[in-house]
Amino acid sequence: MMKWIPVVLALFLTACSSSDQKTYYQLPVLSSTATTGSAMSTGAVQRHLWVERVSVADYLAGSGLVYQTNDVQYTLTQNNLWASPLDQQLHQALVTYLRRDLPGSLVSSQAANTDDQDVLNVNVTGFHGRYDGIVVVSGSWSLTRDGQVIQRDFALNLRQTEDGYDALVRTLAAGWQQEAGQIAAQIR
């Protein structure tokens, strides 16, 4: 009987360690045509838009995806992780979407050497799934243009149509694309 104890212990430890498999997620950049507007035929740039920063709330800045388990509790996942920092993913996707949705504008993640550039900053306060199947994308943005500041809040609640973290990330990406389109519409 004593001979089997090390074998059983080894099998138990192996079973416990295999459940720690980590899965990494990257926001997909969804492709679609520009929401409105037409491309300029002359190729001249009308505006320079610098997307200076996309910041996320502290609870979103960790490496794990966030899931709200009830009206007051949030869980930061340990095995479902962002492949790169969330603020960087959101920034890159926003620049891509604004380039698509603002034809005739030079949209950049770097400052231009010009005095007439617009500066956009976004603060994301909600970017998570919820216990009731709703995905939350919320926050605020500010645009500095010609010395004036325009500020707007946003709050999107989208229904997650499938279960699982893959579907959550896809729904978050769709919400971010939708918000980028709304930002572009207001910038125009």
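**Close-up views of a predicted model**

**View 1. Tryptophan 176 is a buried residue.** Its relative accessibility is 2%. Buried means under 20%, so tryptophan 176 counts as buried. This model is predicted.

**View 2. Phenylalanine 127 and tryptophan 176 form an edge-to-face pair.** The structure holds four aromatic pairs. In this one, the ring centres lie 6.3 Å apart. The ring planes stand at 90°, so the pair is edge-to-face. The partners come from distant parts of the chain. Phenylalanine 127 sits in strand S6, tryptophan 176 in helix H3, and 49 residues separate them. Phenylalanine 127 counts as buried because its relative accessibility is 2%.

**View 3. Four residues make one aromatic cluster.** The members are Trp82, Phe127, Phe154 and Trp176.

**View 4. Helix H2 spans residues 86–101.** H2 has 16 residues. From first C-alpha to last, H2 reaches 22 Å, close to the 22 Å expected at 1.5 Å a residue. Its buried residues include Leu86, Gln89, His91 and Val95. The buried residues of H2 pack against several elements, among them strand S1 (23–25), strand S6 (117–130) and helix H3 (165–187).

**View 5. Helices H2 and H3 cross at roughly 50°.** Their axes come within 9 Å. The angle makes H2 oblique to H3. The crossing is right-handed. On the H2 side, the contact residues include Leu90, Ala93, Leu94 and Tyr97. On the H3 side, they include Ala173, Trp176, Ala180 and Gly181.

Conventions:
Residues numbered from 1 in each chain as written. Predicted model: local features only at pLDDT ≥ 70, side-chain atom pairs only at ≥ 80, totals over all residues. Heavy atoms only, no water. Helix = DSSP H or I, 4+ residues; strand = E, 2+ residues; numbered from the N terminus. Expected span 1.5 Å × (residues − 1). Buried < 20%, exposed > 50% of the residue type's maximum accessible area, 1.4 Å probe, protein only. Contact = heavy atoms within 4.5 Å. Phe/Tyr/Trp six-rings, centres within 6.5 Å; stacked < 30°, edge-to-face > 60°. Axes fitted to C-alpha atoms, helices over the stretch in contact; angles between N-to-C directions. Parallel < 35°, antiparallel > 145°, perpendicular 65-115°, else oblique. Left-handed = near helix turned anticlockwise from the far one by under 90°.
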